[in-house]
Amino acid sequence: MKRREFLRILGIGGAGTGLGFVLGKVTQTPGAKLIPYLVPPEEIVPGVANWYASMCAECNSGCGIIVRVMEGRAKKIEGNPGHPVSKGGLCVRGQASVQRLYNPDRIKGPLKRRGQRGSGDYAEVTWDEAAAELAKNLSDLRKSGEAGKFYLLTSQLHGHLNQLAANFMSGYGSPNHIQYELFQNRNLLYANQASMGLNTIPHYNIEHTKYLLSFGADFGSTWLSPVNFSKGYGRMRQGEGARGKLVQVEPRISVTGANADEWVPARPGTEAILALGIAYAMVEKGYNRAGDASAWRAALSAYRPKEVAAITDVKEERIFEIAKEFAQTRPSLAIGGEGLSSYENGASGLVAVNVLNHLAGNLGVKGGVLPNPDDPLRAAVDMNKRITALASAAASSKVKALAIYNTNPVFTTPKAAKLEESLKNIPFIVSFSSFMDETTALADLILPANTPLEDWGDGFAEPAAGAPVYTIMQPAVSPVFDTKSLGDILLSLAKSMPGNMGPKLQAQSFAEYVRNGWKELYSKNRAMASGTADFDDFWDKTLQNGGWWSQEPSRRGLSVSTGAASANISNKPAKFDGDEKQFPLYLITYAHPMRLDGRGANLPWLQEIPDPMTSVVWGSWVEINPKTAESLGIKEGDTVSIESPSGRISAHAYLFPGIRPDTVALPLGQGQVYGRYAKDRGENPIGVLPLVENPKTGALALNSTRVKVSVASPTGRMVKMEGSTKELGRGIVKTVSPEEFSKMKKEA
Amino acid sequence: MAGIFDKVKDTLNSYRTPGYFKKLDHKWTMVVDLDMCNGCGACVAGCYAENNLPVVGKEDCGKSRAFSWLRIERYVDGEYPDVKVKFIPVMCQHCMKAPCEIGCPVYATYHNQDGLNVQVYNRCVGTFTCATYCTYDVRRFNWFSYKWPKPLDQQLNPDVTVREMGVMEKCTFCIQRITAAKDKAKDEGRGVKDGEVLPACCQSCPTNALVFGDLQDPESRVAKMVNNPRKYRLLEELNTDPSVIYLKRVMNDGKSEE
């Protein structure tokens, strides 16, 4: 039996409710706990696992997952083999999300602040009391005509939860729903909109490309859709046809960079100029396959490889070589990741990458950039709704009530944003977080929401597969603690508010809301209806399969005009804060492969599994080139102080030859105050960052300061799992050259 | 004369074959394509989740007591800017001539009919001999009985024993999954099909770098992959005859000498 069939048989959905619902029914009545197993629920056979198809919510890529549930408990999460994004694989973070569900530090029920704000002194209250308090605060605000002073601050929401939040806010009368995450792809969305007129992130078809030019995209561990790209990477290397080549441009070798055939350590902040230098080299030599060569030569005249070489610290010949190989290997693909977009002028770098793809004829072709269909719910990130806008509104007392869900901006915004101080001005803060964190600690009322494995939801994956992918999230288990779905909280809140909140908030539960939403999609989309008897039949199949997807590609044409490009590119390197003499080193901060922006820090597996590049566990570190370290008198494991004009933190030194001597790198995510596994793990690197945001998109520039590094008084110890970084002649990882490999392939 | 020599050699060799089996039921084999592995660590997480591996914390990690049955080794060669980084996932190699099996005084570790190097927790008295003999440093010792703070214990896999203090453990090739697949095949009156057994690491791998199967089944993927000219085995010169087969990574400055 194939895995897929196995799923179909075992996947629940027949009743369309899920085991979680059944269990919820039987466990909620006191005294009924023993009885159900005399006549066990139909789905439960002790010792036999049920698998529920759902969606992973650890990052925004929307991987389809299957959850192994035995006797009502989630045991293991695997990738959904039928899902076009995850294709059966799942990353470290997705697999660890079961530890988010069963985390001992979860907030176990509604809490109301008793002591001073921030003191952490909370009293337990019932859901009814908490909901009444919330409704009273919000209805009083609305009655006094200040509905617009209510702000909703969430992570990037998806699908129908996003729609529900929008409906709630418009029904309430406030335009202020801010979606904030550190890695929200705002620059990428902007760059694609500005240069190609795309409203969605396209699919980067790594699987079929033969030459992948990556500008700071750590696509194997953190960027956009790591599982999908990794699946593609494996096929690119050892799939059909010739072996694809990977060239990585970044100042510090990332997990993806470690796998590259060539590493191009351009000077930090000049990668965009390098991309345009390559583009100029292409048109100069007449390699370009699309676009008018003379028009582009004029548009790119400021990027002659000779001058670019001086700025970027990459030799002129190498620029020409890359240009030639990029243009002549078919198909090729250029991508720009966080390493590129995290500069102050990040969006322009991403436009430069689009220019490269346009000139090489990679847009809309297999192995290149494939457009994705539009989000069926027309959701879009509003670039003007920023965390800094909230901070300034709160500072001038224009915010009367704030609701927070699933985001921790106090931890992830630089001190200069003065977010914590401003939030303290807000008279009423409610948090729907399931965990105590730096932002939720300011809340007056906490109504803990379900974690994704206990909740309904859906997502219309953006970096998807170049074709529609609608993924459903369904509860795999009943809530472990006394928590509720955010959708349910909003729906019942809407009902308890005096006055009309509009017709869109009538559903009895969020489960019903999602189902109704899918019914509407189903009625509009003929492709969804094909092969199903009616909506009920379709819905059952959707819950079994984990969603609905089709192979129908988007047919939108893509191109970049010289005008759109010229308006967005610049030949100035990205600005770095701090005087070059006083602060001699560039600072690169990056999303950690396990902890990302910090959300994974309290999951014990994500602390204990060694960092792929440094093998450090349970701690934070700074990566320094051994030569730089020697000149500063720093030895491996020393506690060093990292000082920028904006602040100072300390970390342990990790000597790593895969980083430019003029650069140091800090992983994000450690340095949290709450959580038994996350606390006391070093200091938060955000503490040395200035507040630099892209004026057009509001994205925070993470690579925006210079630092100085010096030995500090020792604190703690850096634990790393590596013995030696050398093979010592043992021939552990054996290699063959590409030439030899192609000979092998011919002989076979 | 030559006949006698051959006979003596065969007899000696048969004693070198653990378990003295003439024929195995299966020969479970894992093939790891190092050109596809990108070092992300998803396999390690899969192993932690499937096999109830305890989390030991910073202090014990520092004493080399971390439990990862499967680890990703990372090697860094060269100086800036010519730096080469290589990854290799290393788990129990299920050696057919395993040094650990020779050492164990209580036969807690032995070779079974499936070609697996198995560890019987009930027999283990914790002499640490196997870990000392192991060529690949893949054996892990329970220095303590580890606890899972509630409700993290609800995640524990009921198909796998939670080990107690004083017991040695290591990668089992997810023997619980192999057993389940064999049981199912037996119920249906057939043999185990290729691809039916997937250890947690192979299942989760985002690049499909890990492939698992029965080498005795000529139609299996691994049986076809072992003919790959890139094939090698880890520290093969020590004659441990490992069941894990690596395929060499393709690298620009790749050397081909053995």
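1. **Ground rules.** Residues are numbered from 1 along each chain as its sequence is written, while chains are lettered from A and ligands numbered from 1 in the order in which they are written. Since the model is predicted, local features need pLDDT of at least 70 and side-chain atom pairs count only at pLDDT 80 or more, but totals for chains, interfaces and linings use all residues.

2. **How chain A divides up.** The domain assignment for chain A gives domain 1 (3-102 + 467-479 + 507-548), domain 2 (111-180 + 386-446), domain 3 (186-370) and domain 4 (585-720). Such bounds come from an automatic or database domain assignment.

3. **Domain 3 meets domain 4.** In chain A, the C-alpha centres of domain 3 and domain 4 are 27 Å apart. Their contact involves 20 residues from domain 3 of chain A and 24 residues from domain 4 of chain A (two residues are in contact if their C-beta atoms, placed from the backbone, lie within 7 Å). On the domain 3 side, helix 6 (186-196), helix 12 (338-341) and helix 13 (346-359) of chain A each give two or more residues. Helix 6 of chain A has the largest share, with three residues. By class, this side of domain 3 of chain A splits into nine nonpolar, seven polar and four charged residues. Here Ala, Val, Leu, Ile, Met, Phe, Trp, Tyr, Cys and Pro count as nonpolar, Asp, Glu, Lys and Arg as charged, and the others, Gly among them, as polar. Helices (H or I, at least four residues) and strands (E, at least two) are DSSP runs, numbered from the N terminus.

4. **Helix 7 of chain A.** Have a look at residues 226-238. Among the buried residues are Phe229(A), Lys231(A), Tyr233(A) and Arg237(A). The buried residues of this helix pack against strand 3 (73-79) and strand 9 (211-215) of chain A, and also against strand 1 (28-33) of chain B.

5. **The largest nonpolar core.** This core has 299 residues, and Leu276(A), Ile278(A) and Ala279(A) have the most contacts inside it. A nonpolar core is a set of buried Ala, Val, Leu, Ile, Met, Phe, Trp, Tyr and Cys residues joined through C-beta atoms within 7 Å. Helix 8 (residues 271-284) of chain A gives the most, 11 residues. Leaving out residues up to four places away in sequence, Ile278(A) touches Ile319(A), Ile322(A), Ala323(A), Phe326(A) and Leu356(A).

6. **Where the chains meet.** Chain B brings 62 residues into contact with 70 residues of chain A. On the chain B side, the largest share comes from helix 2 of chain B, with seven residues. That side has 33 nonpolar, 17 polar and 12 charged residues.

7. Most residues other than glycine have a negative phi, and most peptide bonds are trans. Arg330(A) and Pro331(A) are joined by a cis peptide bond, with omega about -15°; Pro331(A) sits in the loop between helix 11 (316-328) and strand 12 (332-336) of chain A. The bond from Lys150(B) to Pro151(B) is also cis, with omega near 0°. Cys174(B), not a glycine, has a positive phi of about 50° and counts as buried because it has 25 C-beta neighbours inside 10 Å. Asp241(B) likewise has a positive phi, about 55°, but counts as partly exposed, with 16 C-beta neighbours inside 10 Å.

Notes: Buried ≥ 20, exposed ≤ 12 C-beta atoms within 10 Å, placed from the backbone.
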